[in-house]
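Hello,

Here is the structure I said I would pass on. My notes follow below it.

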Amino acid sequence: MNYIDAHSHIWTPDVGHYPLAKGFKVADMQPASFTPEELFKHCKPAGVGRIALIQMSFYGFDNSYMLDMIAKHPDVFVGTAVINPLAKDPGREMHDLAKKGVRAFRIVPKFTEQPIDKWLHGDGYKKMFVAGA
């Protein structure tokens with residue numbers, strides 16, 4: 001189990017506990033689920049023992065499912081979260097998520113529904129880059 005998978009997504013059909021973000025529907029989830037247990041069936045036989053999870057787009061800024069699975073499998077998973085640069089304090093959120101096993105952050109401008117000319121501008125992005133540094 002010496003290998004590391006540097007980019008995997010997981011999701012659950014349990015949209016009651018882990019609701020989909022605006023603009024996504026259950027039919028978008030193809031296959032219907034890809035839980036840690038389903039992922040392990042593929043990676044463990046190949047010798048993968050550690051996995052960097054990437055926040056699944058179905059969940060938008062809600063990293064709950066990924067965080068819960070990191071907490072359930074802390075010796076296997078770390079995460080890359082997606083946070084809202086327009087939120088009150090994205091820098092603080094980054095620090096809080098780092099304590100929960102998140103090691104990287106993705107910027108997804110389409111989730112903020114801002115025009116492309118606003119991309120990477122504003123106080124939220126500044127706070128994110130300061131926190132990241």
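In this predicted model, helix α3 covers residues 90–98 and has Pro-90, Gly-91, Met-94 and Leu-97 buried. Viewed down the axis of α3, the buried residues lie within an arc of 125 degrees, so they line one face of the helix. An α-helix has 3.6 residues a turn, so residues three or four places apart point the same way.

On overall dimensions, the C-alpha trace spans about 45 × 35 × 25 Å along its principal axes. The radius of gyration is 15 Å, which agrees with the value near 14 Å that a compact globule of 133 residues would have.

Of the 133 residues, 41% are buried, where buried means under 20% relative accessible area. Among contacts with a separation of 6 or more, 67% are between residues 24 or more positions apart.

The accessible surface of the chain is about 7900 Å², and carbon and sulfur atoms hold 57% of that surface. As for charge, the chain carries 16 positive and 14 negative side chains. The centres of these two sets are 4 Å apart.

Regards

Notes: Residues are numbered from 1 along each chain as its sequence is written. This is a predicted model: local features need pLDDT of at least 70, side-chain atom pairs count only at pLDDT 80 or more; totals for chains, interfaces and linings use all residues. Side-chain values use heavy atoms; hydrogens and water are left out. The radius of gyration is taken over C-alpha atoms; the globule rule is 2.2 Å times the number of residues to the power 0.38. Buried means under 20% relative accessible area, exposed over 50%, partly exposed in between (1.4 Å probe, protein chains only). Contact means heavy atoms within 4.5 Å. Accessible areas come from the Shrake-Rupley method with a 1.4 Å probe; for residues, only the protein chains shown count as cover. Lys and Arg count as positive and Asp and Glu as negative; His and the chain ends are not counted. The place of a charge is taken as NZ of Lys, CZ of Arg, CG of Asp or CD of Glu. Helices (H or I, at least four residues) and strands (E, at least two) are DSSP runs, numbered from the N terminus. The arc is that of the directions from the helix axis to the C-beta atoms.
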